[in-house]
Amino acid sequence: MFKKDESFINGTVRVTLDGHPADLPEGTSVAAALLGVGELTSRRSPSSGRKCGPHCLMGVCYECLMEIDGVKRQACMTPVAEGMVINRLLAETGEDA
Amino acid sequence: MNAHHDVIVIGAGPAGMATASVLGEMGLDVLVLDEQPRPGGQIYRNIENAPESTLRLMGEDYAKGGRIAARFRASGARYESGAAVWQVDPEGFVCYSRDGASKQVRANYVVVATGAMERPVPIPGWTLPGVMGAGGVNNLAKEAGLVPEGRIVLAGSGPLLLLEATQLIRKGVNIEAILETTPRIPQISTARYMPPAALRPDFLWKGLTMLRQIKGSSVPHYKGVTELAAVGGERLARVEARNGSEKLSFDADLLLLHFGVIPATHVFSQAGCRMKWNAIQRYWHPECDQWGRTNHERLFAAGDGSFVAGAIAAQCKGELTGLEIAHCLGVIPDHERDVLAAPLRRSLRSDALPRPFVDAMYAPAPGTLKFADDTVLCRCENVTVGQVREVVRQGATDLNEVKILTRCGMGPCQGRMCGPALAEVVGQELSRGPDRVGRLSIRPPLKGVSLGEIAEMELMNMSSEPANLFKNQSK
C-alpha cells in the first residue's frame, strides 16, 4: 500500500499494538507509522460498526481516533514514541467513542 | 510560564510563522500554539527535517519553507508544538490542550492562522479504508517518506490533484487512472479572468508543464467524469465512474480524492466572528479588513483560514497582520506600518493575478454536486444523504435542526467533514443556496478533551459573571 523513500529510513520504536509488541518507524505520526508497516485499519466506527482507515491525515476527520496510552487521540496528530500502548479498538462490539 | 502575552498565534504554517516572525523580531512576547509536532503547516510540513530527495522532488515551492521556518525560529517567538486550541474568546482568552493537560492563556491580540483543509465531498464508499485525501497522502510523503504502492486512482478536481499526480508519476508510482470531475468545457465565466492571468506567464507555464507531464505519461486521464464511486467490502477494491456513455471501472488499492481547498473556520465560528459566503468557491470565510482584523477588535485571521489564496499570499497576509498588531501595540507608527506593508501588498496583487482564472476553472459547479441517497454524509455518526433529505421533507430548514434530528455533524469531527456537503444537500432540497440554510453552531471544546482535563485547568479571573459557554454564538 505504501513503500518508504530510502532517504527517510530511520530507527524504529517498540510499541504495544492491540496487545502485541510491534516495531514502528520513529519520527512520524502514529498514523503514518502504522501505514508504513501496512496497517490500513485505524479503528472500527462506533456508529456503523465498519472498519475505518485514516482519511484526511491532517487532523480534521477523526477517522484515525485510537486509544493511545489510555487516551483517545488522533493518530495522525500524535508522534509515535517508544513504549507507547496503542489500541485500535477493532473488536466488533467496540465501546462507544 | 506567564499566562499573559502580547500576541498569541494559532498555527505555524506560512501565515502563522510570518506573523510571529514580524512580531517576535520587534521584541514582543509572542506565543505560537501549533497542533503539529513541527512548524510548517500542511504546505511546509516537516520542512526542517526534509531530506535532499524530498526537497528536490517538491522543488522551490516547498524548499522556501525552510527559510521561513528558520526566520521564525530565530525571531524570538515562543513555539509550543502539539498544542490543540479548543476555545478562543473574543477578549483574547485561549484554552488549549497539550500533553494531556489544558491551560488558559491570554493575549492582547490573537491571530488565528489555522489554514485550510481539503474540501470534503461525499461519494459512495468514501468511508472505506484506502480512500484518502490526496493532500493527506502528500503529507505522508513529506512527513514519513511514504510513497503509494500498488494500484492507485486519483479523482476529483483542482490544480492540486494534478500536482499530486505529476509528483507521483515522477516517483514512478503506478497510477491506474486520473478521474477529473471538472466539466470538460470550462464555465463561461472563466474567460473574463484570462487577461489578468496572462500577466503571469510563469504561473501559466507551471500549469502547462504539469498537464504536459501527465499527457507524456501513459496514465489514462479522463475529464468530466460523473457518478464517481468507491467500491469494496472491508477496504477499497474498485473505483467506478461514468465517462459520458462509457462506464469506467478500475481495480484499486488506494483512491486519492481531492476537490479543492476550503478555509478551516471552526475557531472563527466558535468565537462568533462574522462570516461571509463566497459564491464561486462555495465556502464561508471570516469577514476581515485589509489587515486581517475580524469584527472582534482583538481577533485577527491570517492566511488561507481567512480566504484560500495559497502559501505565498498566506505569508504576505501573515506579515501584514503582524505589522498592524505592532502598530496597535504602539511599537511602530502608522506611516512605518504602511511603508513596510507596501511591498507585501504588491506581492499579494501579483500573486492574485492568475487566481480568479484558476478558481473559476475548477470552481465547484452547483450542478455537478449530485449526492445519492445512500451515500454516507456524516462519517462520524453514519448518517446518509437520504436521512437528511427525509427530515428536510418533514419540515427542517436549518442545519442545526437537521443536526438535532439526524445527528449529522454531532460526532467527534464536529461537522468538519460533513458540514459543507450538508449545506449543499439541504439547500438543494429547499431549492435555495447553501448559504441560506444557516450554519452549524460550533461550540467549545473545538478538539476532544476530557472533562477531567478541563476541571483541573487553572482559570484566570475572566469576569464575575457566571460561565456562559454560548454567549459568542451569533445566530
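A cavity, on a 1 Å grid over the protein atoms alone, is a set of points where a 1.4 Å probe fits but cannot get out. Lining residues have an atom within 4 Å of a point. Grid points are joined across faces, edges and corners, and a volume is the space filled by probe spheres set on the points.

Now the ground rules. This is a predicted model, where local features need pLDDT of at least 70, side-chain atom pairs count only at pLDDT 80 or more, and totals for chains, interfaces and linings use all residues. Residues are numbered from 1 along each chain as its sequence is written, chains are lettered from A and ligands numbered from 1 in the order in which they are written, and side-chain values use heavy atoms, with hydrogens and water left out.

Cavities, then. The second largest cavity has a volume of about 110 Å³. Its lining draws on chain A with Thr28(A), Ser29(A), Cys76(A), Met77(A) and Thr78(A), and on chain B with Gln36(B), Pro37(B), Arg38(B), Arg45(B), Asn46(B) and Glu143(B). By class, that lining has 3 nonpolar, 5 polar and 3 charged residues. Here Ala, Val, Leu, Ile, Met, Phe, Trp, Tyr, Cys and Pro count as nonpolar, Asp, Glu, Lys and Arg as charged, and the others, Gly among them, as polar.

How many cavities of 30 Å³ or more are there in the whole structure? The search finds 3. Of its 15 lining residues, His55(A), Glu118(B), Arg119(B), Pro120(B) and Met417(B) lie nearest the centre. Strand S16(B) gives the largest share, 3 residues. The lining of the largest cavity divides into 10 nonpolar, 3 polar and 2 charged. Helices (H or I, at least four residues) and strands (E, at least two) are DSSP runs, numbered from the N terminus.

Next, a pocket: an open set with protein on both sides within 12 Å along at least five of seven lines. The second largest pocket has a volume of about 1300 Å³. Its lining counts 43 residues, and the closest to the centre are Tyr62(A), Lys72(A), Lys447(B), Gly448(B) and Val449(B). Which element gives the largest share of this lining? That is S7(A), with 4 residues. The classes are 16 nonpolar, 14 polar and 13 charged.

On to helix packing in chain B. Axes are lines fitted to C-alpha atoms, for helices over the stretch in contact, and angles run from 0 to 180 degrees between N-to-C directions. H12(B), residues 385-393, packs with H14(B), residues 419-429, at about 45°, axes 10 Å apart. H12(B) is therefore oblique to H14(B); under 35 degrees counts as roughly parallel, over 145 as roughly antiparallel, 65 to 115 as roughly perpendicular and the rest as oblique. The crossing is right-handed, meaning the near helix is turned clockwise from the far one by less than a right angle; anticlockwise is left-handed. Contact means heavy atoms within 4.5 Å. Among the residues that meet are Val388(B) in H12(B) and Leu422(B) in H14(B).

H1(B), residues 14-25, and H3(B), residues 60-74, pack at about 35°, axes 8 Å apart. Their crossing is left-handed.

Last, two backbone details. The peptide bond from Pro444(B) to Pro445(B) is cis, omega near -5°. Pro445(B) sits in the loop between H14 and H15 of chain B. Asp99(B) has phi near 50°, a positive value in a residue other than glycine. Asp99(B) lies in the loop between S5 and S6 of chain B.
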